[in-house]
Amino acid sequence: MADITGSPRDTDTDTDTDLNNASPRKSSWKYIGPGIVVAATGVGAGDLVATLIAGSNFGYTLLWAAVVGCLVKISLAEAAGRWHLSTGRTLFDGWASLGRWTTWFFVVYVVVWGFVYGAAAMSSSALPLQALFPDVMDLKLWAVACGLVGLVFVWFNKYAVFEKVMTVLVGVMFVVTVYLAIRVTPHLGEAFAGLLPVLPDEKDSVLNTLGLIGGVGGTITLAAYGYWVNAKGWTNTGWMKVMRLDNRVAYLTTGVFVVAMLFVGAELLHSANVAIASGDKGLIQLSDILEAKYGTATAKFFLIGFFATSFTSLIGVWHGVSLMFADFVSRYRSDGDVSGAEVASGERERSWPFRAYLLWLTFPPIVLLFQGQPFRLIILYGVLGAAFLPFLAGTLLWLLNSSRTPSQWRNGALSNAMLVLAGLLFLVLCVKQIWDQPWSEFF
């Protein structure tokens, strides 16, 4: 079967298959791990509610867009992983080779984005907990508790433990979303018809469709995938087949989540002409609808899945983006970048830059929880967030078609096509996001 990226096939090696060795003989399900992490981190509550609303508004019409979104993200994550394995260098090291402008973009992005995202992630994790235990404490206190638990967990645990916990939480997400999809009794004939690329006959349908494609699982977490690959101990091209299998599992899992929620939106909301709010509070509304239709047990089961979805995004960003920040700092220290072997041994997870960014993600955002989010910062956060994926797609195209990448592992035609498609898609969404900002109130 041809690889979806169109890149040259990696050849089997004759090395031992033990996990501690660098090059397995062939790809195997037993190695799967970083893909589960990136899937869990990339699919947050916002992604689920966006897909739910798409199903509510358009029924099964945009099912094909959710599938295309997964394929686009496969190409981006595969490219990031291929860069790490084929060059032995990290993604930030590659960015730095393209010029200082990449460094400035990354620094501004992680500082502003991390500050605002921290508050959003804590609030999202707190919502289902308050709904499950309404008399225990206030929403803001639940949010602070989630942030502190995430901080302590990532601070004191290495990648191996982190991956196991993420896998358990993904299992909860999977069971809940699939259960709900079955519970609403989807019309499979209409669902299969939704795989045909048809646009809804409504105003702004193109932009709505592009938004759904772009919103299926992941922003900066796609860039973090290569770091998790290295943290797993995969440090050279002998792991390329494993990485590709792992990446496909990641977005197959993501596809199950979003398709299941689209089924719920199409059957439970669209057919009854019920509208819910955008954002995380829409999932609380869905819980109330589920309770009225199927009973308290189903509603509480859904809230548990909602918490698993939000909390995996929280600890995934706490871990993955902190790894990227630690790499950024090490790149500009006198001893240079950290090698793949050091990443695998967990040195970067114990470094002061890793832990400093963990603190940045946790404590300054707590202030936002109690004082409200500053208007100008929110606008800047939205613009930087929208600009990151065009930046990622564009720089991966540049790196993987240049002499910085060994010739065997440079992009093939299909990989280039998918990255160009991703870049154009996210550029359109970026321009729309910038255009929609209330700039007159910013200045």
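Helix α7 (residues 159-183) packs against helix α13 (residues 296-331) at an angle of about 145°, and their axes sit 9 Å apart. Keep in mind that this is a predicted model: local features need pLDDT of at least 70, side-chain atom pairs count only at pLDDT 80 or more, and totals for chains, interfaces and linings use all residues. Residues are numbered from 1 along each chain as its sequence is written, and side-chain values use heavy atoms, with hydrogens and water left out.

**The α7/α13 packing**
- Helices here are DSSP runs (H or I, at least four residues), numbered from the N terminus.
- Axes are lines fitted to C-alpha atoms over the stretch in contact, with angles from 0 to 180 degrees between N-to-C directions.
- α7 passes α13 in a left-handed crossing, meaning the near helix is turned anticlockwise from the far one by less than a right angle.
- On the α7 side the contact includes Y159, F162, M166 and R183, and on the α13 side it includes T298, F301, F302 and H319; contact means heavy atoms within 4.5 Å.
- The residues of this contact split into 16 nonpolar, six polar and one charged. Ala, Val, Leu, Ile, Met, Phe, Trp, Tyr, Cys and Pro count as nonpolar, Asp, Glu, Lys and Arg as charged, and the others, Gly among them, as polar.

- The structure holds 27 aromatic pairs, that is, Phe, Tyr or Trp rings (six-membered ring for Trp) with centres within 6.5 Å.
- In one of them, F92 and F328 have ring centres 5.2 Å apart and planes at 80°, so the pair is edge-to-face (planes over 60 degrees apart; under 30 is stacked, the rest tilted).
- F92 lies in helix α4 (residues 91-97) and F328 in helix α13, so the pair ties together parts 236 residues apart in sequence.
- F92 and F328 are both buried (under 20% relative accessible area with a 1.4 Å probe, protein chains only; exposed is over 50%, partly exposed in between).

**Helices α10 and α18**
- Helix α10 (residues 220-231) has 12 residues, and 12 of the 12 are buried, so α10 is largely enclosed by the rest of the structure.
- Just after α10, G233 takes a positive phi of about 105°.
- Helix α18 (residues 413-436) reaches 35 Å from its first C-alpha to its last, close to the 34 Å expected at 1.5 Å a residue (1.5 Å times one less than the number of residues).
- The buried residues of α18 pack against α3 (63-87), α9 (205-214) and α17 (375-400).

- Most residues other than glycine have a negative phi.
- T185, in the loop between α7 and α8 (188-193), has a positive phi near 55°.
- T185 counts as exposed at 54% relative accessibility.

Key. Helix = DSSP H or I, 4+ residues; strand = E, 2+ residues; numbered from the N terminus.
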